[in-house]
Every structure is written in structure tokens, then in C-alpha cells.
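Me: I'm new to this structure and would like to learn how to read it. Could you walk me through some features, general idea before the particular case?

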Amino acid sequence: MNRIFEKLLLCFAWASGIVLVGSIAYIVGYLIFRGFETLNLTLIFGDTKPVDALLLKRQVFEGLFPAIIGTFLLILLSVGWSVPVGLGSGIYLAEYAGKKVKRTLNLFFDILSGIPSIVVGLFGFSVALFLHKHYSENIYPCLLISSLSLAVLVLPYIVRTTQVSLENLSPEMRLTAPALGATKLQNIFYVLIPKSLSGIVSGVILAIGRCAEDTAVIMLTGVVATAGVPRSIFSNYEALPFYIYYISAQYSDPQELLRGYGAAIILLTLCVILLFCAFVIKKQLAYHVLYRI
Amino acid sequence: MSDAVKINVYHLDFSYQGHRILKNVTTQFEENTLTAIVGPSGVGKSTFLTTINRLWETVPLADMKGNVEIKFNGCFHDVYDQSFSLPRLRRSVGMVFQTPNPLPMSIYKNVAFPLKLTGEKDKKLVARNVEKALKRAYLWQEVKDRLTDDANLLSGGQQQRLCIARALVLEPEILLLDEPTSSLDSRAAMVIEELLLTLRPNCTLIVVSHYLDQVSRIADRVIELSDGRFLERPLGNPSQLRVSGLHRT
């Protein structure tokens, strides 16, 4: 009976793996099949010369260049806000928090991770309105508000992955550096964090993916259909996920829809590049901190 | 009090989660000797070691009463005195654990790590001390061409010698070893035993061991820990040691 159950479990595990890999291959293959033809410089730069667009000499109106830059800045800013706060909170929860505080904050971050993104978007919009009314009339929904709202959305991922990675280290590993005369802070920064780096980077990668794909938050907090390359963090901006949503909901001819598939391929490529960068940074960091003489 | 005494332990009581493990332990350890602490598993041998370098303080729900004095520069210091620096204590009292625990870094950085903690910036001095420690731990010849390799790629015996080298790099006056050969094969264990004997003239060694043969080969003094109390055992061959619950090899 046990052997049959084991074999059934093995079959189920294999089938799940095949379905997962197959789904990813199907989605990517379908996107490439539908959108590959539209992938050219005109899709990105429109009628503008690429050099002029890249040097910000001329605005691009017909192409995806402003949306690519907008998405890139959005991800960078959101991850930039959330990583330090998330790392700090994760370290606090794993290494310093007492039982009661830990239980309360864990519950808080669990609830935060379950909040629908549209609610976080609404919160960001309310913050923008509040600041507009009480602080400065120049503050509107903008890149800054969007990135802060997205940072709130992805914060629980970074906090929990950091916390769990640190808590899973063996007691022997925790005692090694103190036995050599390390203070608690030295132990955390020289041993515990480097040892948990893989888990922590997984959280950052999850955050990058979530920031790149989320449309509900940015729809309410500053993204628009046409804005050009954002001049500052207080400007409106364009973003690829919103462009894909907008095109798929409002396209007037099939050719326009194909541009949406092209945009999806570009968004996917942007994510892959950022994930690759995260891996390279992790590897370089680990090499310089832990291995180079 | 004898001039040769290095460590004084007075009326040491230790409890964990309300359970009393060490009961009114009073003893002395002489300078540059190797003392073996024996006894069955779970009686508090490892715990006793952590009371000397105060490592037990990192364990929640543990409590200790009593005093530990160590002689540094000819004067005894109460290591539990508020004014006594904890990093200084742990740099003078090295510890090697039962399971080899290389840090997640290269072989070189593992051994250089304690020097980094002291704030040592002189790279040449660090390199010299790393080489010296690796030589003292009989590991230099095996790793000198791959110092930037991950320390976790070494064999179990090499990892344990690396941990000893890491403890030796600060030239501690006392070295605590918690069953340092228990996870090693007999050949690797013999190398560690030889190493301990070469360290003895310049270092006070306290070794927790389960192996009576090993104890009879290397120890200057044997203490049995039984029911939370220390009992002196006469030196001799393994059959004369007669400690219950221990291995003969």
C-alpha cells in the first residue's frame, strides 16, 4: 500500500512539474509567436531616431521607449524603498524581537501580504490627495507615489524571506562568530546575512517580479497612457504593464493588439535582465565579501 | 593558590529551563595542561565549557550562578565582572565545536576572520598570521594552493583542523574543545590528537571527550562529570578509567 502511494505521489509530482514547465513554455512561446513580428525599433522608438530618444533630445510619442524607462524607474525606485526597510525589519524580527512583538508583527506582515493590490493603490491615491490638500498643491499621483505604494505591496515578501532565511540558520552557525569574539552586530553582518544571502535575494527577485507586473496599484497612483519619459519622480509616467492592459482593453485593430504582445515580450525581457542583475550582484557581493583575499 | 593555576571555578551552578545541570562545581585548571572532561551524553560537559567563555549567555532560558576567574598577564580576572570585556575574553579563550563549522567563506577568510573582528587592517600581518595558524593546525601543506576555495569543500577532518586554525590565529591562552574528533574517522582523529599535544606547551586545553582511549593517550588530568558534579579520575589505561556510558575507542 505504501509503495503504491509512493508511486502515485511520484507521478503527481512529475505531472505537476511538467504542467508548470509546460505552462511557462506555452505562455512564453505564445507571446513570441504573436508578438515577435512587431519587435523592431519602430515599436520602441516610433518615428524618433533611437539616438535622439536615448539622449533625451526628442520625446517619443508613438513608441514604447517612455513606458520602458517608466517601468525600469518604477521597479528601481520601489525595490530601492522596500529593500532597506524590508531587510531591516526582517533582521529585527529574526534577531532582536521578543516573542510578543514577533507574533504581532508576523500577523501584521501576513495581513499586509494578503491585501489586494487595488486596495494598496487606493491607499496610495488617498495619500497623494492628502498631501495635495495639506502639504503642497504641486503633489499629484506620480512616479514617487506609485513606487512608494508598490514598495508597501512588496515589503512583506522581503521581510518574511529575510526573517525565515535568518531563522533557519543552525544554532552552531549562530555561535561560531560569537565564540571568536564577534559582537551581535558583527555576527549578523559578517556571518548570518552572507549565509542567508540566497534566501534574501529570492525575496528581492519576487519583489522585482511583482513591481514589474502590478497594474492595479499604478493605475490609481500616477501612470497614464501618454506622458513621455518622466522628468522627475513627481511626474506622471508610462509603464509597460499599463500599456498592455490599455491596449488589450481598447485596441481598435488587430495590429494594435499585436503591439501589446510585443510590449509583453519587452516586459518579460526587462524582468529577466533585472533578475539576472540581481543574481550577478549577489554573486559579486558574495565573492568580494566572502572569498577574495 | 598554586602559581600554575590558570582558571579558577567557584561554586558554579547552571540551570536550563529550570533544570539544574551543574551543581556547586568548584575546580581549578593548571596552565599549559590538557584536562579531559568525560561523562555520559547530556550531563552538561559542553555546557561547562560555555561557562568559561560565557557563550551560554546567547542561549535563552539559561541561568548561571558562581564565579569563573582566569589569569591574564599574571592577574586573575573575574570574567563575569561587568567591566571585563566579553570580546577580549572570547579572543583569549578559543573554542572548537563538536561538528566542524566553517564560516560561509573561503579557507583564507575563515582563518583571517578573528583578525578582522579585532580590526586588524595590515594585510601582510594578517597573511603571516593565517599561514602560521594553518601550519600549527597541520593544514598549510594541504590548502596553500587553494586558499580562495570555499571552506565547505574541505573534508571533515580538514574542516575541523581549519576550525582549530581559526581558533589559534589569535594565539589564545586557553582552548576549549567540545568532542573535536567525534565526527571524524580514526585517522583524522589521530591527526587532531597529535595537534593537541603540540599545542599543550603554550596553551591550556580543556577537552570534552567520549573516547577513553583518546583520553588516556592525551590527558594530563581526567574529570568525570556525573549528576552535575565533578569527580577526579586517576590517569591510566582505559580499563582503569572506568567511566560509565563511554566508548573504549
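Predicted model: local features only at pLDDT ≥ 70, side-chain atom pairs only at ≥ 80, totals over all residues.

Me: Now the sheets. In what order do the four strands of the open sheet in chain B come?

Reply: Strands of a sheet pair through backbone hydrogen bonds, either parallel or antiparallel. In this open sheet of chain B the order is β2-β1-β4-β5, and the pairing is antiparallel.

Me: Which strands stand at the edges?

Reply: Those are β2 (19-30) and β5 (75-78) of chain B; each has a single partner strand, so one side of each has no neighbour in the sheet. From one strand to the next, the twist averages 10°. For a look at one pair, take β1 (residues 5-16) and β4 (residues 62-72) of chain B: they run antiparallel and are joined by eight bridges. Within that pair, Ile7(B) stands opposite Ile70(B) of β4(B).

Me: Which helix lies across β1, β2 and β4 of chain B?

Reply: That's α1 (residues 45-52) of chain B, which runs at about 120° to β1(B).

Me: Is strand β3 of chain B largely enclosed or left open?

Reply: Largely enclosed by the rest of the structure, because five of the five residues of β3 (residues 34-38) of chain B are buried. Leu34(B), Ala36(B) and Val38(B) point one way from the strand, while Thr35(B) and Ile37(B) point the other way.

Me: Which strands does β3(B) pair with?

Reply: One is β8 (residues 204-208) of chain B, paired in the parallel sense over four bridges. Another is β9 (residues 221-226) of chain B, also parallel and joined to β3(B) by four bridges. Follow Ile37(B) to see both pairings: its bridge partner in β8(B) is Val208(B), and in β9(B) the partner of Ile37(B) is Ile223(B).

Me: On to helices. At what angle do α5 and α7 of chain A pack?

Reply: Two packed helices are described by the angle between their axes and the distance between the axes. For α5 (residues 99-114) and α7 (residues 143-167) of chain A, the angle is about 140° and the axes are 8 Å apart. That makes α5(A) and α7(A) oblique to each other, and the crossing is left-handed. From α5(A), the contact is made by Phe109(A), Leu112(A) and Ser113(A); from α7(A), by Leu155(A), Pro156(A), Tyr157(A), Val159(A) and Arg160(A). By class, six residues in this contact are nonpolar, one is polar and one is charged.

Me: What should I look for in the backbone angle phi?

Reply: Most residues other than glycine have a negative phi, and most peptide bonds are trans. Leu56(A), though not a glycine, has a positive phi near 55°.

Me: Where is Leu56(A), and is it buried or exposed?

Reply: Leu56(A) sits in the loop between α3 (50-54) and α4 (65-96) of chain A. It counts as exposed, because it has 12 C-beta neighbours inside 10 Å.

Note on methods. Residues numbered from 1 in each chain as written. Chains lettered and ligands numbered in written order. Helix = DSSP H or I, 4+ residues; strand = E, 2+ residues; numbered from the N terminus. Buried ≥ 20, exposed ≤ 12 C-beta atoms within 10 Å, placed from the backbone. Axes fitted to C-alpha atoms, helices over the stretch in contact; angles between N-to-C directions. Parallel < 35°, antiparallel > 145°, perpendicular 65-115°, else oblique. Left-handed = near helix turned anticlockwise from the far one by under 90°. Contact = placed C-beta atoms within 7 Å. Nonpolar A, V, L, I, M, F, W, Y, C, P; charged D, E, K, R; others polar. Pairing = 2+ DSSP bridges.
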